[in-house]
Amino acid sequence: MTGFLVRRALQAVFVLIVVTVVVFLLLHALPEGPARAILGPRATPAMLQAFNHANGFDRPLPVQYFRWLVRVLHGDLGFSYKRNDSVTHLLATAVPRTLLLVGLSTVLAVLVAVPVGLLQGARRNSAVDHTLTAVTFTLYSMPAFWLGLLLVDVFAVRLHWLPPEAPSGGIVDILLHPSGLILPVVTLALVTLASFSRYVRASTVEQLEQDYVRTARAKGLPPNQVVRYHVLRNALSPVVSLLGLSLPWILGGSLVVEAVFNFPGTGFLFWNAAQGQDYPVMLGIVLVVAVGTVIGSLLADLGYAALDPRLRDEVGQS
Amino acid sequence: MKLKALSLLIPAVLLLAACSSGSSTSASQSPQKTSAVVAEPANAPAYYIFPLTPLNNYNGLNDSYFQYLIYRPVYWIGDHGKVRINDTISLADKPTYTNGGKTAVVKLRNYKWSDGTPITSRDVLFFWNLLKVAKNNWAGYVPGEFPDNVTSVTTPDAQTIDFTFNKVYNPDWILYNELSQLSPMPQHVWDISAAGQKPSNLDETPAGAKAVYNYLIKQGNDAGTYATNPLWKVVSGPWKVQSFANGNEVTFVANPNYSGPIKPTLKTVTLAPFTSDTAEFNVLAANGNIDYGYVPPQEGSQISRINGLGFTTTRATTWSINYMVPNFNNPTVGPILQQLYVRQALEHLIDQNGWIKGPLSGFGRPTYGPVPTFPDNPFVDAQNKSNAFPFSVSQASALLTQNGWTVKANGTTTCSHPGTGAGQCGKGIANGAPLTFKVEYASGLGALDNAMQAEKSIFSEVGITLNLIPEPLNTVNANEVKCTSNQKSCSWQLVQGDLAWTFQPNYYPEGSLMFGTNGCCNAGSYNDARANELIAATHTSTSPSAMVTYQDYLQKQLPVLWTPKAESITAVRSSLTGTQPDDPFSNLYPEEWRWK
Amino acid sequence: MSTPTQSPRRARIADATAAFFDNRLATIGLVVLVLVTLFCFVGPLIWHTDQVHTNLFGALQPPGREHPLGTDDLGRDVLGRLMVGGRISLIVGVIAAVVATTVGALYGSLAGYAGGTIDAAMMRVVDAIISIPTLFIILFIASLAPPTVTTLIVAITVTSWLVPARIIRGEALTLRRLDFVRLVKTMGGGSVRAVTRHVLPNTVSTMAVNATFQVADAILLIATLSFLGLGPRPPAANWGGMLSGGLQYEYSGYWWMIYPAGIAIIVTVMSINLVGDGLRDALSPKSAS
């Protein structure tokens, strides 16, 4: 197990290095350099040169990369001219918000998807299964921004039951006024659970067809006991690894939800940065997200292996 | 067991909603009598506090929503919706001239900093000394103008500063473009080059000024400390920064020692950022936490509903013009665009009324020339108040036919009579050259998108193909560069602005920057000797006819194609008075706001 | 001993087809998908509309005799626009899915077949790119290059080849232990031959299922990009652009600007997913045994 841990950790580090190189190269693939984009049309060539020099944009790429890497390891993710703030400081306010949104909606999605998927798998091809399939498929096929705007229209504007935007301010303020979080969390959860429940359903179906289930049934054990003890555990272990893999996808969904509900988290910050060609911010976010995902999937893999001892060897081989 | 969990969720949501809806409606039903919430435009950029704003931090909103509330300029332009000097809140009397018109005398009134120290000429001189060393990094710098065209600055007494220029200039131009940039800074607090130093006269030498400037810029770059840094606690305006987060989440608190004529009644004013104008409108439509907001133009039909919720809506125009820039040096279409009759034909195809009525939902104003017709101002003349090139497909077609083109409606119009004689296409235009252009413009703006598609459709009626290229704004800005025809960067042909030019911070509506041969922002390389003469005259001539001759000539010469500009619809709670009329530079006057 | 021949495969295909059409939902999905494709590609030949010229005077007309689904904010017929819009969504989706799955499958099968350090390194690269949210990568690419149809296909492909690579690599790992592949090696066949002639064809079913889901994902992705302002350029129509453009009029009651395009997206994506699910169920190993 320790050997496996070490191997996976080393692989994770390698992955991170690749991430930084790929992103760094992507962001510096521009011919003119960021100076013109940042300073705008009124900048004179002298201003552009001064800016480039001051920020080291005129050095060769490998040099820029290593300087940047050293700074990052000291906790300095750079400075954003568009936002007039350090990237670290910007992320310090944005990341907790997104974590809250993503965390709450993922928990909600799992809490709903697991029972729904299990039910569907156990009652495969029944009326219940078909109805739930119809509902989850509709949710899955609907663009998230439309779902969000519909919910705002109905619950906030027409019914006045909930506020139309997410609460502003720091995490403490947000937690003190949670009503504004309901719609964004529900929107993201609905989109997420639609795919989760299908996965759980498929996994359940697969488990129910396994030999051990058939054997248990043949031995005369009542069906619900079968479901609970064996199928549950085996069907759920892939869900853990699913969570780890889904994190980037959920973050993408959170961008849209943040835009609709006016929640300035990391996704929205990235979109702004992409539109404004704000490299330090884009690079910083990608790095933080990648680190989070790699660590997250590492933990998920460990959880997966812990849940299913049979697979430890196979997982260890990958 | 599993469905039970689901069924428990619904009452839980309703319970939470019931608890919260009570608090949210109460927030909007009983307006906070001591504060107001202002909705910033979507994706508002980050604010910058130090008054010598660097180029990459400058945008109009920075002045009107932030800096001017804290640090007042000497001369305030914008008076109750009119483009003119605001004598009530300016820090000095209108300038007088001596020395044959070469010296402007600025007499400061009795204003005080928030710590009680009087605002004197020394504070203006401090600003000036820093400006001289910082000009290359300053947003308002135009080579040859402030501070280059000032030969000396003297302070005869604590209330007076004299600016001597290198020649006689038009006083209006001096006031609107140069003196308007003066922003006194608290020399008794800021004249330091490191934290903890005692303020001295470091700014009196260029090296000392540079040190002070570098230190202050460094403080200005630390947005996290805007609310706490003692430097920013000494202000001249009616407001101070109470909290500042994320670049554009700002709360101002009233300056109790404000020495101006109108004292604030509100205790705090909050600027609220929005990710998109849909998000802002959702809050407005739900009667949420906005007191001073806006209705996006595409929701124009919802105005009556917003009014019904207790808001008053008004149209607001900015001091700007909008146009489409032709690249006169583009190797393919440059020669075609250089022909005046071609530009005249194109201008005849711009349906300004249709553009405003359709894509802008009626919330827009036409641009007829280089000086804005709206808002009301003393600079626009009679000729420029009307359209010199009214919408007419037949006239456009006639102009082309008369000059050697074969017009093919819904096909491609080509040059059939090349050459430089009468009735021929013109220099550099080959036989069979088609009228095909590509136009770039900022993406994501629904109204602009629609307008461009409508124009494309109109152009095709005369056989002109317009290829539409929407791109992110920064890409448009990066592509729209002044170039010569052999350069790679000269492949752009036309760029349509959303709001091509706002006269801010250079308020005087002259065209040196956009239409002068060496103007920073003359991306299309428009080059006309007479235009240059007339532009220069608007700077130096003291006769009002200079402005008239300038705008009449340029209106007809079409250095760019004039297009309509969008207006905004302000929505303010009816019980909040003092917010109207809207300022042409979007300046906020929260010290005049009162809750009924 | 028999070498793999055609008849078991043909039998498997026949089995799979039967299993597919046994599945009611999958069949319905396929039928709907065919109808949608006909609507988008054959429809405009029957229902002629002008999707290029604008008509500001006839803008925002409610559904009526001349325009069964009304007109949009530039006066264009919505029904016709729906047909033409579907084309781009489907074409981009299909091309991106096919290219991404092929590239991914090649990459994954090479990695799985090679095994060892090469496999580990190749998969770590995939892990690295997967850890960045797709939308972030695409936003970045879209902010650089003008959003033409080609750029869109490239951007979507760049992010979509990763999952097929992983899946196929998993399969290749299993396959490489199988008898017939070992046989190829002992008989002196090269790796490339083993991969292309034996590993890949056995992953076709997985590739097919994966590609199907990719098309649905691509359609949703284009819709989201349009909402974020980075979709295909006008006057080209696409359902996502129609939906997000129409949502601006949510409060004005112009429902025909929103629901037709939105429902088209939902119906198409749903039917593709049903087909994909059906394919996967029909082609899964247990139904073969």
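A short chat about chains A, B and C of this predicted model follows.

Q: How confident is the prediction for chain A, on average?
A: This is a predicted model, and chain A averages a pLDDT of 79. In that chain, 85% of the residues score at least 70.

Q: What about residues 314-318 of chain A?
A: The pLDDT is below 50 over residues 314-318 of chain A. Beyond near neighbours in sequence, that stretch has 4 contacts in the model.

Q: Now chain C. How many helices and strands are there?
A: Chain C has 14 helices and 0 strands.

Q: And how much of chain C counts as buried?
A: 54% of its 289 residues.

Q: What share of the contacts in chain C, between residues at least 6 apart, join residues at least 24 apart?
A: That share is 72%.

Q: How many residues of chain A are in contact with chain C?
A: 35 residues of chain A are in contact with 33 residues of chain C.

Q: Which helices of chain A supply at least two residues each to that side?
A: α1 (2-27), α6 (127-141), α7 (144-158), α11 (223-261), α12 (266-275) and α13 (279-307) of chain A. The largest share comes from α1(A), with 7 residues.

Q: What is the make-up of that side by class?
A: The side of chain A that touches chain C has 26 nonpolar, 7 polar and 2 charged residues.

Q: On to packing. Which residues have the most contacts inside the largest nonpolar core?
A: Phe270(A), Met282(A), Leu130(B) and Leu139(C). The core has 330 residues. From chain A, this core draws at least three residues from each of domain 1 (2-85) and domain 2 (94-275).

Q: What is in a second, separate core?
A: That core has 5 residues, including Met47(A), Phe51(A), Leu55(B) and Tyr58(B).

Q: Back to Leu139(C). What is it in contact with, leaving aside neighbours within four places in sequence?
A: In chain A, Leu139(C) is in contact with Phe270(A), Trp271(A) and Ala274(A). In chain C, its contacts are Leu228(C) and Leu230(C).

Q: Switching to chain B. How many residues of helix α7 are buried?
A: 9 of its 9 residues are buried, so the helix, residues 277-285 of chain B, is mostly covered. Among the buried residues are Asp277(B), Glu280(B), Phe281(B) and Leu284(B).

Q: What follows α7(B)?
A: Asn287(B) follows α7(B), and its phi is positive, near 55°.

Q: What is the general rule on phi and peptide bonds?
A: Most residues other than glycine have a negative phi, and most peptide bonds are trans.

Q: Where is Ser525(B), and what is its phi?
A: Ser525(B) is in the loop between α15 (512-515) and α16 (529-540) of chain B. Its phi is near 65°, a positive value.

Q: Why does Ser525(B) count as buried?
A: Because Ser525(B) has 20 C-beta neighbours inside 10 Å, and 20 or more is the cut-off.

Q: And Ser586(B), what is its phi?
A: Ser586(B) has a positive phi of about 60° and is not a glycine. Ser586(B) sits in the loop between β24 and β25 of chain B. With 20 C-beta neighbours inside 10 Å, Ser586(B) counts as buried.

Q: What about Pro581(B), where does it lie?
A: Pro581(B) lies in the loop between β24 (576-577) and β25 (594-595) of chain B. The peptide bond that joins Gln580(B) and Pro581(B) is cis, with omega about -5°.

Q: Last one. Is the bond from Phe146(B) to Pro147(B) cis or trans?
A: The bond from Phe146(B) to Pro147(B) is cis, with omega near -10°. Pro147(B) is in the loop between α3 (121-134) and β6 (150-157) of chain B.

Definitions and conventions
Residues are numbered from 1 along each chain as its sequence is written. Chains are lettered from A and ligands numbered from 1 in the order in which they are written. This is a predicted model: local features need pLDDT of at least 70, side-chain atom pairs count only at pLDDT 80 or more; totals for chains, interfaces and linings use all residues. A residue is buried if 20 or more other C-beta atoms lie within 10 Å of its own, exposed if 12 or fewer, and partly exposed in between; C-beta atoms are placed from the backbone. Helices (H or I, at least four residues) and strands (E, at least two) are DSSP runs, numbered from the N terminus. A nonpolar core is a set of buried Ala, Val, Leu, Ile, Met, Phe, Trp, Tyr and Cys residues joined through C-beta atoms within 7 Å. Domain bounds come from an automatic or database domain assignment. Two residues are in contact if their C-beta atoms, placed from the backbone, lie within 7 Å. Ala, Val, Leu, Ile, Met, Phe, Trp, Tyr, Cys and Pro count as nonpolar, Asp, Glu, Lys and Arg as charged, and the others, Gly among them, as polar. pLDDT is the predictor's confidence in each residue, from 0 to 100.
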